[in-house]
Amino acid sequence: MARFPLRRAPRRAGPSIDDRVRDLLSRMTLEEKVGQLVQYSSREDMTGPASGSSITPQLEKGEVGSMLNVVGAAETRRWQQIAVEHSRLHIPLLFGLDVIHGYRTLFPIPLASAASWDMARIEQAEHIAATEAAAAGIHWTFAPMVDIARDPRWGRIAESAGEDPFLGAAVARARVRGFQGDGSFAGTDRVLACAKHFAAYGAAQAGRDYFTTDVTERVLRDVYFPPFQAAKAEGVATFMAAFNDIDGTPCSANPFLLDQVLRREWGFKGFVVSDWGSIEELRAHGNVADIREAALKAFNAGLDMDMENGAFGPHVAEFVRTGKVSLARLDQAVGAILAAKFRLGLFEDPYRFSDEQRQAALLLAPAHLEAARDLARRSCVLLKNKDAVLPLKTSGLKVALVGPLADAPLDQVGTWHAKADKNDTVTVRAALEKVYGAGLRYARGCETQGDDRSGFAAARAAAAASDVVVLALGEDVFQSGESTSRASLDFSGPQIALLEELHRAGKPIVLLLMAGRPLLLEKIEPMVDAILVPWHPGTMGGPAVADVLTGAYNPSGKLPISWPRSVGQIPLFYAHKNSGRPEPLRPKDPYFSRYIDLPNSPQFPFGFGLSYTSFVYDQLRVSAPVLTESGALTVTVRVRNIGRRAGEEVVQLYVRDRVGSVTRPVRELKGFQKIELAAGEARDVAFSLTPADLAFWRADMTFGAEPGDFDVFVGPDATASLTASFKLD
Ligand code: NOJ
């Protein structure tokens, strides 16, 4: 972390935040209270449709509580001044922004950092993101996105931690800790976090963004809720309601989600913001006739803040006057928003976060860039390495670097780039030029779109003059993220034609897959010698990729998703049910759950990733044959590095509950540890299991484990074959 004197919060002696909130509420008019529920975007930097009219008069009347997309110390100060100096009660604004994988120093996209399985470094990255954003006046990030994503057609899989609730929950905790620290906001290096999008936004039918979802309550609770619960347990300050409807009720007006589960069951005390326009969209959902009704439904369901809907501002005061909304409900929503402002110390110093000097000192600080490089290389997943073509020698080797992603400063950063400047990005080309100098021949070859093949000849010539081809293909920045669902997961444009052209040149090919989602590899895999997936690796992606290609860093990333062979297999995830016909009942019996034209299995399983060294697993043992209700078991495995260099391995523990009152997944991740082993070193890795780890939503919709037989599997990915069993008594 870059060092810079943090601005400490003025000492807050005296009344508690609750008392101060109560006191302030008692002095506010109805209109001022409703104003706190209203959030507008800066008119310069929109992330959705909006009216575009000036909001200054409302700010001066104290009728805006928060703004988004206002960035920079000077800009936030300017808007804050209007609110604080002109309004009657001088209530400061809360500034929110999508700081999704960094502010100015961009880290790898969230799907990539999840592939590092390195919770400490993920936390550190979010701390750095918070430090930079806070210096630029931001109080609140709309992150982490903790939606489980099992459909790579959905562009927002790039923002997720992938398919698994257990990994997703661990990543959610790390991100919230990174953004909020201990939650005291004593320094100016932390921001409020927001767990989004509540809930099951990632379950959009057919992978189409904003589309409807149809998820049972059991699947919600077993699969989609755990990362949200983890964020809540970590003290996340806010939640964002999702765009989608579930079982006919849009999430932004869903009392089951916002009131019953979030507030009553989980005891959440913060506030819930709508997504951009998601209250207004209740009309299009066909759930209300007009915006007034939408406002009433959403507010009474438990939604507290209106992001660019124009719904709460004009209507909530009237609802209170006519008794359609209780004053207690209004005070609860306003109180939670005011409490967040008190927590941040904004009433003592509304400009506490907007500090031009700190901003200048901290943005892109060398320590931040170093951390971004480190996380980016830890996020790279090596999927294939035939005949150890990688790592590449660093001397005496001629390298052809080809492809539309090889020198693409904006595409490399990926979706949601906050304040990233493409001039900050160090591309793969820049980094490899540093390593190979005149030994590197670069040719772009083609674009990700269109069908222009005029660059193929130069690419062929570069390959012909080199010993190895590094081919950087994938997705550009506009192909990944919000509203970028894809019906095809093939490489777009003439990228495959370029690969075929280079394949004919006969040189070894190292494919760099730089994208926000898995792209189909089945047909092209035989044409390449190595496949390395750096995803969209961020500002320092170039040096990170160079570190991995040259072996300065031994890859350790593991897939946070199952990699499909075909779009037809989607949704594809390892924790599926067994079905009544999992395998042929008799040899050659065709009547089982399968495709006639493709295996069921993914091309690469969840948890998979190679290293330049090799690990073997043996001596799996369970400390006792029986686990009792109040007891614990230890599952231990010996992991040995049998290669010639040090490396890191993510040791994974899966459990299968053989018989349940409802059908159970064929296996579920219940533990992982990332360990480093020197060449030849062996280590025992131990996991503890208690009945709580085996709990699920049973047939009667109670949560708990059921006695019976369990299998454990330990290994390097979701297909781990080393197995043992125990009984839960
Ligand atoms: C819409 C997105 O769904 C949400 O994630 C984001 O925070 C808001 N826009 C604000 O930009």
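Let's start with a proline: Pro391 sits in the loop between β11 (381–385) and β12 (399–402), and a cis peptide bond with omega of about -5° joins Leu390 to Pro391. Keep in mind that this is a predicted model.

- You'll find Pro144 in the loop between β4 (140–141) and α7.
- Tyr210 isn't a glycine, yet its phi is positive, at about 70°.
- Look for Tyr210 in the loop between β5 (194–198) and α8; with a relative accessible area of 34%, Tyr210 is partly exposed.
- Glu308 isn't a glycine either, and its phi is positive too, at about 50°.
- The loop between β10 (306–307) and α13 (312–321) holds Glu308, which is buried at a relative accessible area of 9%.

**Helix α6**

- α6 covers residues 119–135, so to speak a run of 17 residues, and spans 24 Å from its first C-alpha to its last, close to the 24 Å expected at 1.5 Å a residue.
- This helix is mostly covered, with 13 of its 17 residues buried.
- Just after α6 comes Gly137, which has a positive phi of about 90°.

**Salt bridges**

- Across the whole structure, a search turns up 49 salt bridges.
- Asp547 and Arg373 make one of them through their side chains, at 2.9 Å from N to O.
- Asp547 belongs to helix α20 (residues 541–550) and Arg373 to helix α16 (residues 366–378), so this pair ties together parts 174 residues apart in sequence.
- Asp684 and Arg638 form another salt bridge, 2.7 Å from N to O.
- That pair links distant parts of the chain, with Asp684 in strand β22 (residues 682–689) and Arg638 in strand β19 (residues 633–641), 46 residues apart.
- Asp684 is partly exposed, with a relative accessible area of 35%, and Arg638 is partly exposed as well, at 22%.
- Asp711 pairs with Arg658 in a salt bridge whose closest N and O atoms are 2.7 Å apart.
- Here again distant parts of the chain are linked: Asp711 is in strand β25 (residues 708–715), and Arg658 is in the loop between β20 (647–657) and β21, 53 residues away.
- Asp711 is buried at a relative accessible area of 13%, whereas Arg658 is partly exposed at 43%.

**Domains**

- The protein chain is divided into domain 1 (376–549) and domain 2 (615–728).
- Taken over C-alpha atoms, the centres of domain 1 and domain 2 are 36 Å apart.

**Pockets**

- The largest pocket has a volume of about 1200 Å³.
- Its lining counts 47 residues, and those nearest the centre are Pro165, Asp222, Val223, Tyr224 and Pro226.
- α7 (165–180), α8 (217–224), α9 (226–233), β21 (668–677) and β23 (696–697) each supply at least two residues of that lining.
- α8 gives the largest share of the lining of the largest pocket, six residues.
- By class, the lining of the largest pocket has 26 nonpolar, six polar and 15 charged residues.
- The second largest pocket holds about 820 Å³ of space.
- It is lined by 25 residues, with Tyr574, His576, Asn600, Ser601 and Val666 closest to its centre.
- The lining of the second largest pocket splits into 11 nonpolar, nine polar and five charged residues.

**Cavities**

- The whole structure has four cavities of 30 Å³ or more.
- The largest cavity has a volume of about 90 Å³.
- Of the 13 residues lining the largest cavity, Gln36, Lys61, Gly62, Ser87 and Ile91 lie nearest its centre.
- The lining of the largest cavity is made of six nonpolar, four polar and three charged residues.
- The second largest cavity comes in at about 70 Å³.
- It has 14 lining residues, with Met145, Val146, Ser160, Ala161 and Gly168 nearest its centre.
- α7 gives the most to the lining of the second largest cavity, four residues.

Notes
Residues are numbered from 1 along each chain as its sequence is written. This is a predicted model: local features need pLDDT of at least 70, side-chain atom pairs count only at pLDDT 80 or more; totals for chains, interfaces and linings use all residues. Side-chain values use heavy atoms; hydrogens and water are left out. On a 1 Å grid over the protein atoms alone, a cavity is a set of points where a 1.4 Å probe fits but cannot get out, and a pocket is an open set with protein on both sides within 12 Å along at least five of seven lines; lining residues have an atom within 4 Å of a point. Grid points are joined across faces, edges and corners, and a volume is the space filled by probe spheres set on the points. Ala, Val, Leu, Ile, Met, Phe, Trp, Tyr, Cys and Pro count as nonpolar, Asp, Glu, Lys and Arg as charged, and the others, Gly among them, as polar. Domain bounds come from an automatic or database domain assignment. Buried means under 20% relative accessible area, exposed over 50%, partly exposed in between (1.4 Å probe, protein chains only). The expected span of a helix is 1.5 Å times one less than its number of residues. A salt bridge is a side-chain nitrogen of Lys or Arg within 4 Å of a carboxyl oxygen of Asp or Glu.
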